[in-house]
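Q: I am new to this structure and would like to learn how its features are read. Could you take me through them step by step?

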Amino acid sequence: MGFNIFGLVAFVVMAFPVYWLVLSAFRPNSEIRSYDQSLFPTSVTFDNFVRATETRFFWTAIQSSLIICVTAVLGAMVLGTIAAFAIGRFNFVGRKAFMMVLIVVQVLPPTAMLIPIYVQLNSMGALNEYWGVIVVYLVSVLPFSIWMIRGFVINVPKELEESAMVDGCSRMQAFWKVMFPLLAPGIAAASIFSLITAWNEYLFAYVIMQDNDKYTLNVWLMNFTTDRGTDYGGLMAGSVIVAVPVVIFFMIVQKKMAAGLTSGAVKG
C-alpha cells in the first residue's frame, strides 16, 4: 500500500508540469498572467497555437529538426549495430578498454565538451551547417546505442550464425538473414531513445547554428522571448507542438520498445 501511495505521489509530481504546460497552451495570455490561477481551465482558446504556427521560421525549424535528427539517428543505428556486433561476437585487443570509454563518454556533461567541439567544428568549417550538428548528435547517441544493441547481440546464440554459414551463407549473409531480424527489436528501442535525445537537444544546436532559418524547433522557441517580454501563451503552445510528435511516436512503438528492453536485459 505504501509503495502504491509513493508511486502515485511521484506520478503527480512528474505529471503536473506537463499538465500545466498543456493547460497554459489553451489559456489566453491575460489569464496566464493573472494572479488568480486555477487548476482547471475557465476558458479555452486556440489563438496561441495559431500564433505559434505563424511565428517566423516555424516551418524551417521543423525541416531542420527532421533533417538533423533523422539523419543522426539512422547513422547511429548503422554504426552502433556494426560496433555492437563486433564487441559482442569477437575478442580483440582493447575490447574492454573500448567498452570503458563508452561508459566514460556517457558520464561527461555536454557543457564540458562544448568549447572543444566548437573549436574542432570551426576548424573543419562545420559551423552553421547541418552536417556539423548531425555529427555531434550522432556521436552523442552512439555510445548508448552500442551498449543497448550489444545486449541483444550476446543473447543470440552463435550456433545460429554457424548453422547458416554451414548451409552456404557468408558471414555477411548470415548477419542479414539471421542476426538482423533478431536484433530488430533492440535496434528499434535504441533508435527511440536516440531520437528522443536528439529531438530534445538545445545547447549544441543553438551554439553551432547561426542562421535563424537553420535553427531546430527547440531553439526556435526563443522567438517567443523578446525585449518586450515573453509571450507565454505562444511559448506554451509551441512547446506542445514540439513535444507532440515524439509523444505520438513513443506511444505507437512503446510495446515494441518494452519487448526489446526486456529481451536485451537477460544477459550483458
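Predicted model: local features only at pLDDT ≥ 70, side-chain atom pairs only at ≥ 80, totals over all residues.

Q: How do I read burial, and is A188 buried or exposed?

A: A residue counts as buried when its relative accessible area is under 20%. A188 has a relative accessible area of 19%, and therefore it is buried. This residue lies in helix 9, which covers residues 171–199, and its C-alpha atom is separated by 42 Å from that of G229, 41 residues along the chain from A188.

Q: Which residues of the largest nonpolar core touch the most other members?

A: The general idea is that in soluble globular proteins nonpolar side chains tend to be buried together. Here the largest nonpolar core has 59 residues, and those touching the most other members are Y137, I146, V153, M179, L183, I208 and W220. If we leave aside residues up to four places away in sequence, W220 touches A52, T55, R56, F57, F58, A61, Y215 and G238.

Q: How many salt bridges are there?

A: Side chains of opposite charge can pair when their charged atoms come close. The count in this model comes to three salt bridges. One of them joins E31 and R27, whose closest N and O atoms are 3.2 Å apart, and both E31 and R27 are buried.

Q: Which parts of the chain does the pair of R51 and D231 tie together?

A: The side chains of R51 and D231 meet in a salt bridge, at 2.7 Å from N to O. Because R51 lies in helix 3 (residues 47–53) and D231 in the loop between strand 2 (229–230) and helix 12 (232–264), the pair ties together parts that are 180 residues apart in sequence. R51 counts as partly exposed at 29% relative accessibility, whereas D231, with a relative accessible area of 17%, is buried.

Q: Where do E161 and R89 lie?

A: E161 forms a salt bridge with R89, and the closest N and O atoms are 2.4 Å apart. The pair links distant parts of the chain, with E161 in helix 8 (residues 158–166) and R89 in helix 4 (residues 58–89), 72 residues apart. Both E161 and R89 are buried.

Q: Which residues form a nonpolar patch on the surface?

A: Such a patch is made of residues with over 30% relative accessible area. In this model M1, I5, V9 and V13 form a nonpolar patch on the surface, with about 440 Å² of accessible area together. I5, found in helix 1 (residues 2–25), is partly exposed, with a relative accessible area of 47%.

Definitions and conventions:
Residues numbered from 1 in each chain as written. Heavy atoms only, no water. Helix = DSSP H or I, 4+ residues; strand = E, 2+ residues; numbered from the N terminus. Buried < 20%, exposed > 50% of the residue type's maximum accessible area, 1.4 Å probe, protein only. Core = buried A, V, L, I, M, F, W, Y, C linked by side-chain atoms within 4.5 Å. Contact = heavy atoms within 4.5 Å. Salt bridge = Lys/Arg side-chain N within 4 Å of Asp/Glu carboxyl O. Patch = residues over 30% accessible without salt bridge, like charges linked within 9 Å, V, L, I, M, F, W, Y side chains within 5 Å. Areas by Shrake-Rupley, 256 points an atom, 1.4 Å probe, with all protein chains shown as cover.
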